Each structure stands twice: as structure tokens, then as C-alpha cells.
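Here's a quick briefing to read alongside the model. Have a look at the fold first, then come back for the notes.

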Amino acid sequence: MWGSGLWPVTLRSGDLALRPLRQADRSEWMALRGRNKEWLAPWEASNPQPDGGLPTFREMVRSLTHQAREGSALPFVITLDEPRARRAPIVGQLTVSSIVWGSALTATLGYWVDKGHAGRGIAPTSVALATDHCFGELGLHRMEINIRPENAASLRVVEKLGFRYEGLRPRYLHINGAWADHESFALTVEEVPPGGLLGRWLASRG
């Protein structure tokens with residue numbers, strides 16, 4: 001069950017880490033998002049209300065931090081150690097959201113990665129790391145990921161990790177200005193090998 005000692009938490013695999021998103025990340029996060037504006041635009045969540053906007057960075061962090069303290073979300077940034085860097089730069093974001101306790105023990109996972117770091121295994125490593133944590137440390141039973149059918153890169157991530165296809169969700173989320181279909185993938189703890197999802201993924205890379 002959720003407890004005060006389970007957040008904040010930092011997860012690590014080699015030179016990659018998932019650490020809590022903080023207000024102090026604003027400048028770096030904003031610069032990274034600015035550089036990736038066109039790269040992320042087709043998959044960007046939008047407000048379905050006429051003339052509605054998205055929360056500011058401060059509002060987003062405040063809301064996610066509150067959810068984390070309440071046990072309904074894990075808001076991480078993805079960092080990657082780099083030679084001669086004073087501190088590991090942010091290369092993406094991963095959020096475990098909609099955590100449901102009780103008889104469901106389920107959550108939804110979403111992520112994005114900097115275009116300049118794409119193709120280096122960062123997304124599948126991060127998803128595997130977070131999923132193992134949710135199953136092993138939090139005691140969740142099911143993890144879900146919803147992806148636009150056109151998002152080939154993200155579809156490859158769930159394929160590599162062995163997430164099971166569950167079906168199409170028509171007009172599931174408001175994305176880039178319109179209601180968009182999503183394909184739903186899920187994994188339950190019974191489907192994870194004894195060494196964990198991360199162990200299987202890293203072994204597959206040789």
C-alpha cells in the first residue's frame with residue numbers, strides 16, 4: 001500500500017535515471033520542450049475547451065506533485081549522465097498517472113524523449129524501469145499505455161517490451177487540437193519474467 005516513504009524516489013539503470021520533476025527544472029524543461037516543439041506536436045495533449053490552454057509549468061508541477069503525495073501519480077523526468085556534465089541533463093519525461101488502488105491496482109504510463117536522444121533505447125529502458133518499480137515496490141497489478149496508431153516510435157517501444165495489445169479506443173484523448181483514436185496496450189505482473197521487465201529488455205540488447 002502507498003506510504004510516505006515511497007515518494008519521492010529516484011530509479012536508475014546504468015547512466016539513465018528517473019527522478020522527480022521539480023519546480024527548479026523549469027528553465028531546462030522549457031528549453032528542451034522548445035527544441036522539440038515540432039517533434040512532439042503531433043502527440044501533444046490539448047485542451048478540448050474553446051480557447052482553452054494547457055497549464056503553465058508551475059501549475060503542472062504543483063498538480064503532479066500533489067498527485068504524487070496523494071498516491072495517484074509518479075511524475076518523473078528522464079536524465080542521462082554525460083561525460084564532463086556537471087549534472088545529468090533532462091532528456092525526456094515519464095509520468096505514471098491514474099493510479100488506482102483497492103481491487104484494481106492499475107496505472108497508466110506516458111512518456112516522451114528528446115529527438116536528439118531518440119533511437120538509443122531510452123524510452124524502453126525508462127518504461128521497463130518504471131513498470132518494474134510499480135509492480136515490485138508499489139504492488140500494482142496492471143500497467144497500461146495508450147498510443148496514437150500513427151506513432152510508430154512509441155508502438156515499437158511496447159512491442160520491444162512485450163506489452164499486450166488490448167484494442168482501439170476511438171477518440172480517446174484530445175491531441176494536437178482534435179479528438180484522436182488510441183491503441184491500448186497493457187501488461188500485468190503475471191506476464192513479467194522473474195528477472196523483471198528491465199532485465200529481459202537489457203538482455204535482448206546483448
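The largest nonpolar core has 42 residues, and Leu94, Val96, Leu109, Tyr111, Val127 and Phe163 have the most contacts inside it. A nonpolar core here is a set of buried Ala, Val, Leu, Ile, Met, Phe, Trp, Tyr and Cys residues joined through side-chain atoms within 4.5 Å. Keep in mind that this is a predicted model, with local features needing pLDDT of at least 70 and side-chain atom pairs counting only at pLDDT 80 or more, while totals for chains, interfaces and linings use all residues. Residues are numbered from 1 along each chain as its sequence is written, and side-chain values use heavy atoms, leaving out hydrogens and water.

- Helices (H or I, at least four residues) and strands (E, at least two) are DSSP runs, numbered from the N terminus.
- A second, separate core has eleven residues, including Leu32, Leu40, Ile90 and Trp112.
- Leaving aside residues up to four places away in sequence, Val96 touches Ser72, Ala73, Leu74, Ala107, Thr108, Leu109, Ala130, Cys134 and Met143. Contact means heavy atoms within 4.5 Å.

**Helix packing**
- The axes of α4 (residues 122–136) and α6 (residues 196–204) come within 7 Å and cross at roughly 155°, so α4 is roughly antiparallel to α6. Axes are lines fitted to C-alpha atoms, for helices over the stretch in contact, with angles from 0 to 180 degrees between N-to-C directions; over 145 degrees counts as roughly antiparallel.
- On the α4 side the contact is made by Pro124, Thr125, Ala128, Leu129, Thr131 and Asp132, and on the α6 side by Gly196, Leu197, Leu198 and Trp201.

- Most residues other than glycine have a negative phi, and most peptide bonds are trans.
- Trp7 and Pro8 are joined by a cis peptide bond, with omega about 5°; Pro8 sits in the segment before β1 (11–13).
- Leu105, not a glycine, has a positive phi of about 50°. Leu105 lies in the loop between β4 (90–100) and β5 (106–113) and is partly exposed, at 25% relative accessible area.
- Asn176 also has a positive phi, near 50°, and is in the loop between β7 (164–175) and β8.

**Thr188**
- Thr188 lies in strand β8 (residues 178–188) and is buried, at 12% relative accessible area. Buried means under 20%, exposed over 50% and partly exposed in between (1.4 Å probe, protein chains only).
- Not counting residues up to four places away in sequence, Thr188 touches Phe135, His141, Arg142 and Arg164.

Definitions and conventions
Parallel < 35°, antiparallel > 145°, perpendicular 65-115°, else oblique.
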